[in-house]
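Here is a short report for a reader new to this structure. Look over the sequence and the model first, then read on.

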Amino acid sequence: MTTTCLAAPAAPGELLRLVADGLAGAGLDVSPPADGEGRLEIAWPGARCTLAVGEGGSAEWEYWPWSPADADPDLTADLATVLLTGQAGRQPRLGSGHQRENVTFKGIVGLELKARGLDVEMAVYCDETAFDTFAEIIATIPGQGDDGGQVCVTDEGGLTWTRDYWAEAAALIAAPGLCGQAADPASVAGSVVEAVTRAMALLRPAGAERTRHG
């Protein structure tokens, strides 16, 4: 008998729909893409906030203040900590970035995350056409690397969190003629919604009203 190994991805658009419903149920104003593909727009005052969810269980949440002048390195460090560790709420200030001279935004955030025990490295990208460079810091959980997700922070105050949830939500299939892994889309969506809403709770002032599109 021939045994076929199959993986079981979610139906097209299912994860995105489940995540959008979960975020809306948490009180966030979510605008799904018109064509059912692409990024969810999450309305937030003073910032562009989007979430992409791949059918394979990957998530990418971006938070970009409209102006770099509005970016807060302490808030950014707390967002990164919440997304990577699941520790909710504001965190004690442990880094020395504010006490040093000529430290960049990403430097303040990186020193804070390093002081909290996270792994932090700097990535530098070169544009050979324009003869320019761009740098950001990348924070991860020690010993987990990308498996625990990663957070990238720029000097403009932008934060990008990425994580792949499919592997941890997968279960082994044992059936005649079949083997492989399948994951419950609802479980994956629940993990994504929990992580994003926990982070966005840091942005919401106490008692704030839900923001709606005009």
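Arg116 forms a salt bridge with Asp78, with the closest N and O atoms 2.9 Å apart. Arg116 lies in the loop between α3 (105–115) and β6 (119–127) and Asp78 in helix α2 (residues 73–85), so the pair ties together parts that are 38 residues apart in sequence. Both Arg116 and Asp78 are buried. Buried means under 20% relative accessible area, exposed over 50%, and partly exposed in between (1.4 Å probe, protein chains only). A salt bridge is a side-chain nitrogen of Lys or Arg within 4 Å of a carboxyl oxygen of Asp or Glu.

## How the model was read

This is a predicted model: local features need pLDDT of at least 70, side-chain atom pairs count only at pLDDT 80 or more, and totals for chains, interfaces and linings use all residues. Residues are numbered from 1 along each chain as its sequence is written, and side-chain values use heavy atoms, with hydrogens and water left out. Helices (H or I, at least four residues) and strands (E, at least two) are DSSP runs, numbered from the N terminus.

Strand β3 covers residues 39–42. Leu40 and Ile42 make up its covered face, Arg39 and Glu41 the uncovered one. In a regular strand the side chains alternate between the two faces of the sheet.

Two bridges join β3 to strand β2 (residues 30–31), and the two run antiparallel. Here Val30 stands opposite Ile42. Three bridges pair β3 with strand β4 (residues 47–53), also antiparallel. Two strands pair if DSSP finds at least two bridges between them. Arg39 stands opposite Ala52 in β4. β3 and β4 form a hairpin with four residues between them. Gly46, in the turn, has a positive phi of about 80 degrees.

## A charged network

The whole structure holds 11 salt bridges. Arg39, Glu41, Arg48, Glu60 and Glu62 are linked in a network of them. Glu62 pairs with Arg39, the closest N and O atoms being 4.0 Å apart. Glu62 lies in strand β5 (residues 58–65) and Arg39 in β3, so this pair ties together parts that are 23 residues apart in sequence. Glu62 counts as buried at 17% relative accessibility; Arg39 counts as partly exposed at 24%.

Arg48 forms a salt bridge with Glu41, with the closest N and O atoms 3.8 Å apart. Arg48 is partly exposed at 33% relative accessibility, and Glu41 is partly exposed at 31%.
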